[in-house]
Amino acid sequence: MILLISSIIAITLKAGTSLVFATIGEIFTEKSGILNLGIEGIMLMSAVIAFTVSYYTGNLSAAILSAMLTGGVLSLIHAFLSITMQAQQVVSGLSITLFGTGMASFLGQTLGPETNSGYLTGLSAARLQTLTIPGLSRLPLIGPVFNQDPLTYIVLLLIPVSWFFMYKTKHGLNLRAVGENPQTADAMGINVPRIRYLYTIVGGMLAGIGGAHLSLSYTPGWTDNITGGRGWIVIALVIFSLWNPSRAIWGALLFGGINAVQFRLQASGADISSTLLNMLPYLVTIAVLVIITVWEDRKRTTGSPAALGTPYQREEK
Amino acid sequence: MRIHFKKRKSYSAAAAVLTPVISFIISLLLTGIMLAAFDINPFKTYTNMFQGAFGTWRDFTETLVKAIPLILTSLGVATAFKLKFWNIGAEGQLVLGGIAASGVALFWSSWLPPFLLLPVSILVGAAAGGLWAGVPAILKVKLNVDETLTTLMLNYVAILAYDGIYCGPWRDPNGYGFPGTAQFPAAAWLPRLSGRAHMGLIFALIIAALLWFAFYRTKWGFELQMIGQNKKAARVLGVNIGRNVILALLVSGAISGIAGACEVTGIARRLQQGLSLGYGYTAIIIAWMSRLNPAVCVPVSILMAGLLVGGDSVQIMMGVPSAMGKVMQGMILFPMLAGSIFTEYRLVVSRRNTDISEAEVAK
């Protein structure tokens, strides 16, 4: 039993890493008032770029950095369209996903070596190695927590750090002000568009690391649609965490954990309707959304940024 | 000197027409540069894409096969967007329509007279799609729950249900392990017009015409427009917003449901892999590009379908990845999104001193 639980913890953490990176990123973006539905496309693009860099250079830091850059550039497009050009954010985000999905698949068939007729599929490259923390990794039950790749450790640190940044620093206060009430924030002297640009790009870069984790560690290599819809799960996770980075871990554990449990159940041949189990996180997310909306109607704050999805323009005189 | 946008008094028709044309040209240029960077001849690629999608009658029917679900789902999306209800769940509504229609086709043939099997399949598919959009509509109207997120989540519930059903309880026991249901009885086959292009095209065109009429020539369309533009004014004028939102969303989901029903009865004639191909997401973009005008949704859908079919054909003919089509779809959108602002705003270059005078006024 202990073995089973600790193996579930191990798989969950590994499966959850990319989700938490992207979820925290999207929380930053949404807190500033911008909804980015382009995460799926960003994660796919950064996964393919990270894998390509790792394949040709063998340098994992360069691979992760270029994935961040990819995420940053794609979200910059979203920021430009939705902030400067005031385009509809849902449509702009979806077109980033449409473009990213297509482009990633295109690159996956052209960036590979001649010998593989340009394909990246089926190649293997340098991947993130497990970093075992001596002593701690031998603990019963929670041992697997200390037997992960570096990005998983980083994401475990990122959770408290981003919570602190968002709720205990002036930058975090400004960020929340912009998403909550841009008019007031503007009157307070905060540059609304600049903050929105900044956190949309930061969000994209974090989603980029999430994408890199997929192709460099979780499922090393490149296959079309390597994300398997994770970019959409992230949108659900943001709601599930009530826009609070410290809660991002629970949603990711739920989604990741359900994957892990299912993996075990299938391996042991247990007959359970896996479909219902898979649906559960989405249904729970809808339930959470309903509950927080009702709460907010009763004037309780839940963390959902009031100005989410609405462009900001100074009143004309 | 300062550059900023100023709202136009009325929206610019010239900008509305020019933006898509210029965007398409920019997309051709950008994609061309990208292709050239990969040592692929862009001119040859474009010619082959066009040939592949529209070159022969047979190719054109394949483009229509992909255009049918795009037209229908984009019409569904446009109906919801008219009210500024951001239904991004057309994918799920399509899938649920497909599942429901398959259920009728497979299991009701024993007691339904054969001539009713197909119409009932499609109607039940429409009802299922409507229901799937109705849930977020009711949540929005009664509890004010954000519809973007509920419709998105319901897509995944629908797709998971679909995966579970055709691989699970409905799987053909005589299928030698093939993941899919048995083939529908012939009475439930949607007749084909030419090649694989099926009757769904007729439905799509009829619905487009009806919606166009409803949007621009009826009181209902006027009410939708009013709710979309100014909820407060609509309420003051006695428009029942809640009822209109729910009704419009039932229609929206039903149209996407019909798309799903036509896919299963018209093409594979069984429920199997390949029902959820992302049409519902592309539809959002088509509806938006068409400025929610049902008459414009039709040609835009055919163009977008042409990019997909053309992409497939350059893969076969030249070994250029078929994802090209999707890349081009994305590349059209960026300049269009950026350009859409010019229909409602115009660029104003002002000298700094006007800012100062504004600041003085503010004091």
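A salt bridge is a side-chain nitrogen of Lys or Arg within 4 Å of a carboxyl oxygen of Asp or Glu. This is a predicted model: local features need pLDDT of at least 70, side-chain atom pairs count only at pLDDT 80 or more, and totals for chains, interfaces and linings use all residues. Residues are numbered from 1 along each chain as its sequence is written, chains are lettered from A and ligands numbered from 1 in the order in which they are written, and side-chain values use heavy atoms, with hydrogens and water left out.

**Exercise 1. Describe the confidence of chain B.**

Step 1. Take the score. pLDDT is the predictor's confidence in each residue, from 0 to 100.

Step 2. Read the average. Chain B averages a pLDDT of 89. At least 70 is reached by 94% of the residues.

Step 3. Residues 353-363 of chain B have a pLDDT below 50. Beyond near neighbours in sequence, this stretch has one contact in the model. Contact means heavy atoms within 4.5 Å.

**Exercise 2. Characterise the interface of chain A and chain B.**

Step 1. Count residues. Chain A brings 46 residues to the contact and chain B brings 47 residues.

Step 2. Get the area. The size of an interface is often given as the accessible area lost when the parts come together. Here, buried area is the accessible area (1.4 Å probe) that two parts lose on being put together, summed over both. Between chain A and chain B it is about 4,100 Å². Carbon and sulfur atoms give 82% of that area.

Step 3. Find the leading residues. Met85(A), Leu98(A) and Phe106(A) supply 16% of the area that chain A buries against chain B.

Step 4. Check the pairs. Across the interface the rule finds zero salt bridges. It does find two residue pairs in polar contact, both at pLDDT 80 or more. A polar contact is a pair of N or O atoms within 3.5 Å; within protein, one must be able to donate a hydrogen and the other to accept it, and residues adjacent in sequence count only if both atoms are side-chain atoms.

Step 5. Assign elements on chain A. Helices (H or I, at least four residues) and strands (E, at least two) are DSSP runs, numbered from the N terminus. On the side of chain A that touches chain B, α3 (60-84), α4 (89-108), α9 and α11 (274-297) each supply at least two residues. α4(A) gives the most, with 14 residues.

Step 6. Sort by type. The side of chain A that touches chain B has 29 nonpolar, 15 polar and two charged residues. Ala, Val, Leu, Ile, Met, Phe, Trp, Tyr, Cys and Pro count as nonpolar, Asp, Glu, Lys and Arg as charged, and the others, Gly among them, as polar.

**Exercise 3. List the salt bridges and place their residues.**

Step 1. Count. The structure holds three salt bridges over all chains.

Step 2. Take Glu62(B) and Arg196(B). Their closest N and O atoms are 2.9 Å apart. Glu62(B) sits in helix α3 (residues 57-81) of chain B, and Arg196(B) in the loop between β2 (192-194) and β3 (197-198). The two are 134 residues apart.

Step 3. Buried means under 20% relative accessible area, exposed over 50%, partly exposed in between (1.4 Å probe, protein chains only). Glu62(B) is partly exposed at 25%. Arg196(B) is partly exposed at 32%.

Step 4. Take Lys140(B) and Glu147(B). Their side chains meet at 3.0 Å, N to O. Lys140(B) is partly exposed at 24%, whereas Glu147(B) is buried at 2%. Glu147(B) lies in helix α6 of chain B.

Step 5. Take Lys219(B) and Glu223(B). Their closest N and O atoms are 3.2 Å apart. Both lie in helix α8 (residues 219-229) of chain B, four residues apart, so about one helical turn separates them. Lys219(B) is exposed at 63%; Glu223(B) is buried at 13%.
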